[in-house]
Amino acid sequence: TWSAVPAGPPDPILGVSEAFKADKDPRKINLGVGAYRDGQGKPYVLDCVKKAESFLEASKPDKEYLPITGLGEFTKNAVKLAYGVDSAPLKDGSISATQSISGTGALRIGAAFLARHYPHAKVVYLPNPSWGNHTPIFRDSGFEVRKYAYFDPETLGLKFEALKADLLTNAPEHSVVLLHACAHNPTGIDPTPEQWAEISDICKERKLFPFFDMAYQGFASGSTSRDAFAVRHFVSQGHQIALAQSFAKNMGLYGERVGAFSLVTSDPAEKARVDSQLKIVIRPMYSNPPAHGARIANTILSNDELYAEWESEVKGMANRIIDMREKLYGILTNDLKTPGEWGHIKSQIGMFSFTGLKKEQTAALAEKAHVYMTADGRISMAGLNAGNITYFAESVDGAVRG
Ligand code: PLP
Ligand code: TYF
């Protein structure tokens with residue numbers, strides 16, 4: 001029956017982890033997948049998460065199904081975290097929201113809802129480059145996927161003039177535009193607040209539909225409200241955005257699959273109709289989402305003490321990454337005098353650094369130095385620590401000098 005099924009390619013990110021696992025060298029380093037590691041290179045369960053779990057255990061929750069759109073208290077608090085308590089559509093009760101299977105599930109619900117109900121051509125513009133899963137998520141939901149200029153390999157910065165030209169003249173009116181809310185994956189380059197304001201104006205002028213992917217709120221700057229700047233600015237300008245939220249990174253809840261999808265609508269009556277259609281989209285996909293992770297996140301978001309502790313732990317993770325950026329820059333530039341300009345390692349934002357290393361160099365690093373990263377030269381900064389950063393920098397130096 002399945003003899004005609006061709007073998008598919010391995011996932012470009014998760015494939016790196018597999019190669020890493022198979023490597024027996026004790027010096028090996030995995031900078032592939034974007035998952036936070038502590039200063040000892042170990043996965044990190046946040047203290048606020050442990051406390052929330054012990055509160056939950058004491059409250060002995062049952063194992064009943066959640067509603068189709070998940071834990072209502074959780075989505076309410078998630079939306080508040082993203083849009084801010086002063087958000088006009090939030091106060092009006094016109095934001096429709098549902099729990100989702102983390103950020104991926106939120107994107108998929110959004111794409112499926114738009115594919116069915118967005119009254120214009122199903123064309124989505126993704127930044128070039130973007131998170132590798134964006135293309136299949138939108139394509140499998142029936143969208144035509146196109147790209148807008150984003151990264152400039154010459155300057156290792158934002159290709160802002162080309163970005164504006166693409167949105168102003170190349171994208172047809174009513175195209176959906178996917179925007180990384182903060183900590184762009186894979187480049188680590190975000191628009192400045194002024195540039196966000198220009199992008200917002202262009203979207204308004206050209207009637208483009210902004211779909212925000214916020215997978216790293218708090219991770220970019222250490223402040224959840226600062227990282228929500230773009231989302232809140234667009235909403236304050238009257239954009240009716242779509243938003244995918246993930247709690248994988250900022251609460252370290254990766255495998256618990258906690259997220260939310262929301263849509264700003266015109267009024268509470270419209271919201272109620274959208275709510276009903278979100279349920280119709282979700283029901284045949286998975287009926288209803290898992291409860292445990294959403295309960296953890298909700299406990300943290302609704303308890304002042306845990307919330308404060310969470311904010312300080314997010315800041316701690318963000319700061320450790322920033323510290324690794326400084327150290328890596330220092331070793332390459334001052335100690336090793338590695339050829340090239342490495343300032344982007346310090347200026348890039350969030351979990352990743354787009355090093356500028358070429359495909360052949362990343363292959364050589366894996367083969368000769370047992371250092372693993374994605375083929376585009378992206379490294380997860382959180383994989384670096386005091387114990388491996390010098391070896392990593394020396395390996396990069398070796399690869400650059402050839
Ligand atoms: N969007 C971006 C840009 C990401 O980097 C990620 C994870 O790396 C996600 C969405 C979704 O992740 P998850 O489904 O684990 O929340
Ligand atoms: O490292 C990244 O960019 C992410 C990590 O189901 C990831 O792709 C891996 C698997 C997954 C979600 C996110």
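Visitor: How do I read burial, and is Ala 230 buried or exposed?

Guide: Count neighbours. A residue is buried if 20 or more other C-beta atoms lie within 10 Å of its own, exposed if 12 or fewer, and partly exposed in between, with C-beta atoms placed from the backbone. Ala 230 has 24 other C-beta atoms within 10 Å, so it is buried.

Visitor: What should I know about the model and its labels?

Guide: This is a predicted model: local features need pLDDT of at least 70, side-chain atom pairs count only at pLDDT 80 or more, and totals for chains, interfaces and linings use all residues. Residues are numbered from 1 along each chain as its sequence is written, while chains are lettered from A and ligands numbered from 1 in the order in which they are written.

Visitor: Where does Ala 230 sit, and what does Ala 230 touch?

Guide: Helices (H or I, at least four residues) and strands (E, at least two) are DSSP runs, numbered from the N terminus. Ala 230 belongs to helix 10 (residues 229-236). Contact means C-beta atoms, placed from the backbone, within 7 Å. Leaving out residues up to four places away in sequence, Ala 230 touches Leu 179, Ala 181, Cys 182 and Trp 196. From Ala 230 to Ile 199 is 31 residues in sequence and 9.7 Å in space, C-alpha to C-alpha.

Visitor: Why is helix 12 called largely enclosed?

Guide: Apply the burial count along the helix. Nine of the 11 residues of helix 12 (residues 292-302) are buried, so the rest of the structure largely encloses it. Among them are Arg 295 and Asn 298. The cover includes helix 2 (47-59), helix 3 (72-83), strand 2 (95-101), strand 10 (258-264) and helix 13.

Visitor: Which domains divide the chain?

Guide: Domain bounds come from an automatic or database domain assignment. Here they give domain 1 (14-44 + 318-401) and domain 2 (65-302). Their centres, taken over C-alpha atoms, are 29 Å apart. At the interface, 17 residues of domain 1 contact 19 residues of domain 2. On the domain 1 side, strand 11 gives the most, with three residues. That side divides into eight nonpolar, seven polar and two charged.

Visitor: Where does ligand 2 lie, and which residues surround it?

Guide: A residue is near a molecule if its C-beta atom, placed from the backbone, lies within 6 Å of it. The shell of ligand 2 is Ile 13, Leu 14, Val 33, Gly 34, Thr 104, Trp 131 and Asn 185. Both domains give residues to this shell, so ligand 2 lies between them. Ala, Val, Leu, Ile, Met, Phe, Trp, Tyr, Cys and Pro count as nonpolar, Asp, Glu, Lys and Arg as charged, and the others, Gly among them, as polar. The shell has four nonpolar, three polar and no charged residues.

Note on methods: Contact = placed C-beta atoms within 7 Å.
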